[in-house]
Amino acid sequence: MSSMNSLASSFSSGSLTGKHDEELDLHVDMTAMIDLVFMLTIFFLLTSLATALAELDLPMATHVTAADMETSLLISVVAKGKGDRAQVYIGEIGSGELVPDAQLDERIASAVQQALKEGRKNVIVKAEKGVSLGTDARIGSAVAAASEDMKLNFAVMEKD
């Protein structure tokens, strides 16, 4: 009977059942996870900046047709210097009207509307090689906002 009491006392003390009443200490070190998140953030920030600032190296055009200058509105763009804003002229560079940067959208819209009244159906944006793609895109957006009937053509003047 004493052996029975010792067996019952061992079950009641919980030695065979394990640690139910004690709290298990689970610790997860988050330092490596936080480092990984910061490294990924820096990686995506740098790659997105490099992508946004990258210049496009477009191939030379080989199969083109010449645009008719008589039925086209000419917009000339000149790069002043590296990092400076480009100068935009409505017409040729020397004889055209210099457009201030703050009035670019309005002046291009009025020039496009005037060209439509005169029967012109094309807009030629003639830009120097050093002009940023953002400037050309802004001019193209201004032309598209002014009229959907105008055909937009881009030309590049190679200057080194």
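Colleague: Let's start with the big picture. How many helices and strands does the protein chain have?

Modeller: Keep in mind that this is a predicted model. The protein chain has 4 helices and 5 strands. Read from the N terminus on, the elements go α-α-β-β-β-α-β-α-β.

Colleague: And what share of the residues in the protein chain is buried?

Modeller: Of the 160 residues, 23% are buried. The chain exposes about 12,300 Å², and 59% of that comes from carbon and sulfur atoms.

Colleague: What about contacts between residues 24 or more positions apart?

Modeller: Take the contacts with a separation of 6 or more: residues 24 or more positions apart make 65% of them.

Colleague: Now the inside. Which residues touch the most other members of the largest nonpolar core?

Modeller: The general idea comes first. In soluble globular proteins, nonpolar side chains tend to be buried together. Here, the largest nonpolar core has 21 residues, and Leu73, Ile75, Val77, Ile108, Val112, Val123 and Ile139 are the ones that touch the most other members. At least two core residues come from each of strand 1 (72–78), strand 2 (87–90), helix 3 (104–117), strand 4 (122–128) and helix 4 (133–146). Helix 3 gives the most, with 5 residues.

Colleague: Pick one of those for me. What is Val123 in contact with?

Modeller: Setting aside neighbours within four places in sequence, Val123 is in contact with Leu73, Ile75, Val112, Val143, Met150, Lys151, Leu152 and Asn153.

Colleague: How do I read an aromatic pair, and how many does a search of the whole structure find?

Modeller: A pair of aromatic rings is described by the distance of the centres and the angle of the planes. A search of the whole structure finds 1 aromatic pair. The ring centres of Phe43 and Phe44 are 5.3 Å apart and the planes stand at 65°, so this pair is edge-to-face.

Colleague: Last topic: how many salt bridges are there?

Modeller: The count comes to 5 salt bridges. In one of them, the side chains of Arg107 and Glu97 meet at 2.1 Å, N to O. Arg107 lies in helix 3 and Glu97 in strand 3 (residues 97–99), so the pair ties together parts 10 residues apart in sequence. Arg107 is partly exposed, at a relative accessible area of 24%, and so is Glu97, at 37%.

Colleague: Which residues are linked in a network of salt bridges?

Modeller: Asp101, Asp105 and Arg138 are linked that way. Asp101 forms a salt bridge with Arg138, with the closest N and O atoms 2.9 Å apart. That pair links distant parts of the chain, 37 residues apart: Asp101 is in the loop between strand 3 and helix 3, and Arg138 is in helix 4. The side chains of Arg138 and Asp105 meet in a salt bridge as well, at 4.0 Å, N to O. Here Arg138 in helix 4 is paired with Asp105 in helix 3, 33 residues apart.

Colleague: And what are the relative accessible areas of Asp101 and Arg138?

Modeller: Asp101 is partly exposed at 33%, and Arg138 is partly exposed at 29%. As for Asp105, its 37% relative accessibility makes it partly exposed.

Terms used. Residues numbered from 1 in each chain as written. Predicted model: local features only at pLDDT ≥ 70, side-chain atom pairs only at ≥ 80, totals over all residues. Heavy atoms only, no water. Buried < 20%, exposed > 50% of the residue type's maximum accessible area, 1.4 Å probe, protein only. Contact = heavy atoms within 4.5 Å. Areas by Shrake-Rupley, 256 points an atom, 1.4 Å probe, with all protein chains shown as cover. Core = buried A, V, L, I, M, F, W, Y, C linked by side-chain atoms within 4.5 Å. Phe/Tyr/Trp six-rings, centres within 6.5 Å; stacked < 30°, edge-to-face > 60°.
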